[in-house]
Amino acid sequence: MVAGTEQQARELVSQAQKKLNSWTFFGPSNKFEDAAELYEKAANLYKLSQQWSQAGDAFIEAAKLYQKAGSAKFDGSRAYESAAKCYKRFDPSAAVRALKEAIVLDQESGGFRQAARHYQEAAELYENELNDPRGAYDAYGQAAELFSADESPAMANKCYLKVAQIAADLEMYEEAIEKFERVAASAVDDPLLKWSVKDYFLKAGLCHLCSEDMVRAQQALNSYCGMDMSFEQTREYQLLKGVLGCIDSGDVEQFTQVVYDYDKLTRLDPWKTAVLLKIKKSIEQEDLR
């Protein structure tokens, strides 16, 4: 069955190539679209036989032909997206390249939300498969801007939070602070999102503490209390205030106790734990000078 499916796919590719070499009364655009459809059918047959490389390549050929047809940018973007799904199984870099081709067509046709989703998918590949945090940072940022342009603030904020976390990982603390505070400001008056604000303030505050400007960190804490009157009563505020005091006094033991007390009731996620370890290391290094 698999061998037969592959044979059918090869026959469709052959038909597509003959179509391209033939003369048609209806003009070249019709010829390109017809051939593209044949390549897509072949690609789907290759998928059935789990020949992912051939399937991806056939989708790419279909996408290029839709582009040549001139009036089928949506179909071209869709074909590139299908190619990316095939390539993801064995070559994430090829998947990213296909997604970037899709993005070009999306933006040319005004499909900003679709372009944003493709950037987001590329960012996830950079982050999870290619171990390329800088690539992920850039792609999530592009996705966020396009979601904003499409008036999709919830999706934009989701991507801005990823930008912020990756920026902090790269020790780009100013960028991380700006993004965390931006999302917090947009959520503080939203009844559905207000519960998340304390977490955004905590993450921004930790980045302030990593930046080693304690005067500015204190100013930020005061600002957060002004933006959300309830923040001063939260455990997140107490953690930031406690850590700030430990940095000022250079007290590593007290720092460990403050973090332990918080984690005992509210488990720290890996990202916050990693940032707090950086802060602890900076206190220890300061103590050795």
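Predicted model: local features only at pLDDT ≥ 70, side-chain atom pairs only at ≥ 80, totals over all residues.
Reader: Into which domains is the chain divided?

Author: Domain bounds come from an automatic or database domain assignment. Here the chain is divided into domain 1 (1-88) and domain 2 (178-288). Their C-alpha centres lie 53 Å apart.

Reader: How is a pocket read, and what volume has the largest pocket?

Author: Rolling a probe the size of a water molecule over the atoms shows where empty space is left. On a 1 Å grid over the protein atoms alone, a pocket is an open set of points with protein on both sides within 12 Å along at least five of seven lines, whereas a cavity is a set where a 1.4 Å probe fits but cannot get out; lining residues have an atom within 4 Å of a point. Grid points are joined across faces, edges and corners, and a volume is the space filled by probe spheres set on the points. The largest pocket has a volume of about 410 Å³.

Reader: Which residues lie nearest the centre of the largest pocket, and which element gives the most to its lining?

Author: Of the 19 lining residues, Glu-212, Lys-278, Ile-279, Ser-282 and Ile-283 lie nearest the centre. Helix H10 (197-210), helix H12 (235-249) and helix H14 (270-288) are the elements that give two or more residues to this lining. H14 gives the most, with seven residues. As for the term, helices (H or I, at least four residues) and strands (E, at least two) are DSSP runs, numbered from the N terminus. By class, the lining has seven nonpolar, five polar and seven charged residues. In this count, Ala, Val, Leu, Ile, Met, Phe, Trp, Tyr, Cys and Pro are nonpolar, Asp, Glu, Lys and Arg are charged, and the others, Gly among them, are polar.

Reader: Which elements give two or more residues to the lining of the second largest pocket?

Author: The second largest pocket has a volume of about 170 Å³. Helix H13 (252-265) and H14 each give two or more residues to its lining, and H13 gives the most, with five. Among the lining residues are Phe-255, Tyr-260, Leu-276 and Lys-280. The lining divides into six nonpolar, two polar and two charged residues.

Reader: How is a nonpolar core read, and how many residues has the largest one?

Author: In soluble globular proteins, nonpolar side chains tend to be buried together. A nonpolar core is a set of buried Ala, Val, Leu, Ile, Met, Phe, Trp, Tyr and Cys residues joined through side-chain atoms within 4.5 Å. Buried means under 20% relative accessible area, exposed over 50%, and partly exposed in between (1.4 Å probe, protein chains only). The largest nonpolar core has 102 residues, and Leu-209 and Ile-279 have the most contacts inside it. Its largest share, ten residues, comes from helix H3 (residues 52-69). Domain 1 (1-88) and domain 2 (178-288) both give residues to this core, so it lies between them.

Reader: Which residues is Leu-209 in contact with?

Author: Contact means heavy atoms within 4.5 Å. Leaving aside neighbours within four places in sequence, Leu-209 is in contact with Met-214, Ala-217, Leu-240, Val-243, Leu-244, Ile-247 and Ile-279.

Reader: Is Ala-95 buried or exposed?

Author: Ala-95, in helix H5 (residues 92-108), is buried, with a relative accessible area of 0%. Beyond its neighbours within four places in sequence, Ala-95 is in contact with Ala-84, Tyr-87, Lys-88 and Leu-125.

Reader: Where does Gln-50 lie, and what is the value of its phi?

Author: Gln-50 lies in the loop between helix H2 (28-48) and H3. Its phi is near 60 degrees, a positive value in a residue other than glycine. Gln-50 is exposed, with a relative accessible area of 56%. Gln-51 is found in the loop between H2 and H3 and, at 23% relative accessibility, counts as partly exposed.

Reader: Where is Glu-171 found?

Author: Glu-171 is found in the loop between helix H8 (153-169) and helix H9 (173-187). Glu-171 has a positive phi of about 60 degrees although it is not a glycine, and it is exposed, with a relative accessible area of 53%.

How values were computed
Residues numbered from 1 in each chain as written. Heavy atoms only, no water.
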